[in-house]
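Trainee: Could you walk me through this one? I'd like to start with a strand and then look at some helix packing.

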Amino acid sequence: VRWASPLEHPTRDQSLDLFQHLGIQGPQALGGGLEAAPPICAMTPTVRPEWTSARRIVVKIGTALLVDRATGRLRATWLNALADDVAALVDTGKEVILVSSGAIALGRHALGLPKGALELEQSQAAAAVGQVSLAHAYQNVFQARGRATAQILLTLGDTEERRRYLNARRTFEMLLAHKAIPVVNENDTVATAEIRYGDNDRLSALVASMVCADRRVLLAAPDALYTAPPGTDPAATHIPLVDAITPEIEAMAGDAGTELSKGGMKTKVAAARIAMAAGTDMVITTGKPLHPLRLIGEGAVCTWFIGPSDPVTAKKRWIAGQLEPKGHVTVDAGAEKALGQGKSLLPAGVTAVAGSFDRGDAVIIRNAQGRELGRGLIAYAHSDAERIIGKKSGEIAGILGFEGRAELIHRDDMALTRIRDE
């Protein structure tokens with residue numbers, strides 16, 4: 001989809017027809033009339049409120065940005081500039097998680113592996129070597145800025161198996177509570193073709209969903225999504241905002257990668273679909289200049305993918321409609337009232353549990369009359385829950401022998417249907 005001439009100003013009707021067909025909010029949504037605006041590809045970028053209001057941000061860093069292709073060495077100046085940006089965001093109260101590629105590229109250089117595609121065993125060996133260098137580099141740049149870093153290596157099972165998913169999520173929450181900077185990568189040393197994420201674009205989308213991030217940044221070689229490759233088509237039009245992944249949007253995504261970088265725009269659009277479904281807004285922008293995150297706040301050219309809801313709403317919709325309940329809990333009148341006031345469900349307010357559920361499974365919440373009040377993800381397996389119901393949260397450690405969560409079902413893990421605040 002493109003205009004007949006790169007210098008031609010599209011008419012208002014042409015523009016609106018194009019953007020509506022593609023599921024894109026066009027320039028008018030960004031403010032100003034189309035007749036008075038310059039060509040779309042030359043529009044003055046604006047800073048969207050989604051960036052300024054961000055609370056928890058996942059940033060994906062591609063190999064091509066972090067590792068010099070010619071030398072195979074880390075781009076230290078670029079990494080230091082990125083660390084400045086992250087530290088500045090954290091100083092304003094935002095939480096930042098980095099999903100970083102680069103381990104295999106650094107390792108293959110250290111091992112002297114040949115150019116071109118690597119065998120699985122070569123990739124695993126390169127990752128084992130490169131991960132040490134990568135972690136050390138992140139530790140150094142953030143330590144210089146008074147920030148602790150943490151390395152988190154994930155495999156596909158960590159986001160697909162419920163118990164491991166919950167363990168990983170709690171680790172993230174604890175690190176962020178202590179103002180640490182988690183640095184995430186796929187555990188390439190043990191992952192095989194059958195159990196791989198495939199690329200860190202997808203991994204960053206799943207991490208964003210896991211931690212309920214409200215914003216996700218993909219720092220890439222291209223600065224945004226265009227109707228055609230801008231490097232080869234002078235009529236390529238910049239798309240500033242996408243609110244639905246249509247077949248036309250998918251068709252625009254090229255598949256340009258290098259031997260150092262597996263992901264192209266196609267994987268980024270696929271990752272945007274995952275993020276939007278989880279309620280996470282995503283922005284694609286170039287990572288080539290120094291201080292790429294700061295530039296987003298200064299109106300850098302980019303493409304925003306805006307989801308239909310926030311992460312908490314998306315999660316509650318998933319709990320309410322997509323998970324099969326493994327049991328139910330019955331609450332007393334006091335707990336029912338507390339739930340109606342937006343509070344979590346504590347063990348003291350539960351009178352009975354039934355079913356065969358494990359920690360993290362979905363259960364139905366019923367009141368004393370048996371009416372369903374909602375559904376939630378329970379924090380304890382059935383055998384443990386049965387021992388602590390009716391007890392105060394401070395007694396849990398003495399009963400179970402370990403320090404568990406104070407809530408049986410946290411309010412963020414709960415989707416209520418009918419609650420009367422009486």
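**Strand and helix packing**

Mentor: Strand E1 (residues 56-61) is mostly covered, with six of its six residues buried (under 20% relative accessible area, 1.4 Å probe, protein chains only). Strands here are DSSP runs of E, at least two residues, and helices are runs of H or I, at least four, numbered from the N terminus.

Mentor: One caveat: this is a predicted model, where local features need pLDDT of at least 70, side-chain atom pairs count only at pLDDT 80 or more, and totals for chains, interfaces and linings use all residues. Residues are numbered from 1 along each chain as its sequence is written, and side-chain values use heavy atoms, leaving out hydrogens and water.

Trainee: Which residues of E1 sit on each side?

Mentor: Arg-56, Val-58 and Lys-60 are on one side, Ile-57, Val-59 and Ile-61 on the other, and all are buried.

Trainee: How many bridges join E1 to E2?

Mentor: Six, and E1 runs parallel to E2 (residues 95-100); pairing takes at least two DSSP bridges. Ile-61 stands opposite Ser-100 there. E5 (residues 215-220) is also parallel to E1, with five bridges, and Lys-60 faces Leu-218.

Trainee: Switching topic, at what angle do H4 and H6 pack?

Mentor: About 55 degrees between H4 (residues 76-91) and H6 (residues 120-143), with axes 9 Å apart.

Trainee: Which residues meet?

Mentor: Leu-79, Asn-80, Ala-83 and Val-86 in H4 meet Ala-137, Tyr-138, Val-141 and Phe-142 in H6 (heavy atoms within 4.5 Å).

Notes. Axes fitted to C-alpha atoms, helices over the stretch in contact; angles between N-to-C directions. Buried < 20%, exposed > 50% of the residue type's maximum accessible area, 1.4 Å probe, protein only.
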